[in-house]
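Work through the exercises below with the structure in view. Each task is followed by its solution.

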Amino acid sequence: MRGTIDGFSYGVVTPLVGYVMACLGGALGLRCTTRSLLVTHSCRPAWLALGSTAIGSGIWTMHFIAMMGFSIDETPIRFDKPMTYASLGLAIAMVGVGIFIIGYRGATGTSLVTGGTITGLGVASMHYLGMAGMRFDGEFTYDITGVVASVVIAVVAATVALWAAGHVRGWRGSIGASLVMGLAVSGMHYTGMAGLTVHLHGTPGTATSGSPAAVLAPILIGPLALLLLAAVVVMFDPLMVKGAPRRILEESKPGVPAAAVPSHQRIRPPQRPIREPVHADAHGSRAPQRH
């Protein structure tokens, strides 16, 4: 039997809130990645990891906020918590691979394509792993066209986001890039959901258990706390607020990691040759004293 799906139980509220969370995670992640290009190798991994966590948490939060509005009329929905959190870990890990590639090799050429592909596949895998963690009296089937389209959107969105991470400077650029990124992530989600079909195993009935919103709300606390932590770090970091100092301004070239520019090295001025002391002899002539 085919189930009746309602993907917008709360109208435009869940898509809009999910979009805002994807934009927030993207903006924080882009700022952290930009900040990582302004520091030495010892501090860079921490900023890249924080950026990966922000972007991955934002994408994952967008997905499950959108799923709050998803319901099947004939059966209740539950969520497998280990698999649900595994999808969060997968999102952060795969985004982290792309972010670290850009952070150390630059947002150009092969590095950008490789990082964007890995990150995009991670985002799509997070989506479908999260869907696999849903429990109900039936099973999902997907239209192959919708799945391929969602994966392509995820890869393109990830590539654009990583390009922005290596090229965009300043708050305005980061906000603009995050708006595009949030739109692409939301588009990937709803493209995949458009090809979804539910097949029920039992007889038709009416869902009587709690709504997906009530089930998912406690699960979302952790990722929301991660986003809040990233926001606090970004807001109170001096270079984020005031900008980069002049001595590392050259490292803000598009797509060039800080390690490739020797601006941190101290250049010593050339030393002048030491002149030997000159003493006058008895006849009044001056000659250098030799030892």
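**Exercise 1.** Find out how far β6 is covered in this predicted model, and which strand pairs with β6.

Solution. Step one: a residue counts as buried under 20% relative accessible area. In β6, 4 of the 5 residues are buried, which makes the strand mostly covered. Step two: β6 is joined by 5 bridges to β5, residues 138–142, and the two strands run antiparallel.

**Exercise 2.** Describe the largest nonpolar core and name the residues with the most contacts inside it.

Solution. Step one: this core has 46 residues, and those with the most contacts inside it are Phe70, Ile72, Met134 and Phe140. Step two: elements that each supply at least two residues include α1 (13–36), α3 (81–105), β6 (196–200) and α7 (212–216). Step three: α2 gives the largest share, 10 residues. Step four: another core lies apart from it, with 9 residues, among them Val39, Ala230, Ala231 and Val234.

**Exercise 3.** Is cysteine 32 buried or exposed? Determine also the exposure of cysteine 43 and the count of disulfides.

Solution. Step one: cysteine 32 has a relative accessible area of 0%, so it is buried. Step two: cysteine 43, at 39%, is partly exposed. Step three: with sulfur atoms required to lie within 2.5 Å, the count is 0 disulfides.

Technical notes. Residues are numbered from 1 along each chain as its sequence is written. This is a predicted model: local features need pLDDT of at least 70, side-chain atom pairs count only at pLDDT 80 or more; totals for chains, interfaces and linings use all residues. Side-chain values use heavy atoms; hydrogens and water are left out. A nonpolar core is a set of buried Ala, Val, Leu, Ile, Met, Phe, Trp, Tyr and Cys residues joined through side-chain atoms within 4.5 Å. Buried means under 20% relative accessible area, exposed over 50%, partly exposed in between (1.4 Å probe, protein chains only). Two strands pair if DSSP finds at least two bridges between them.
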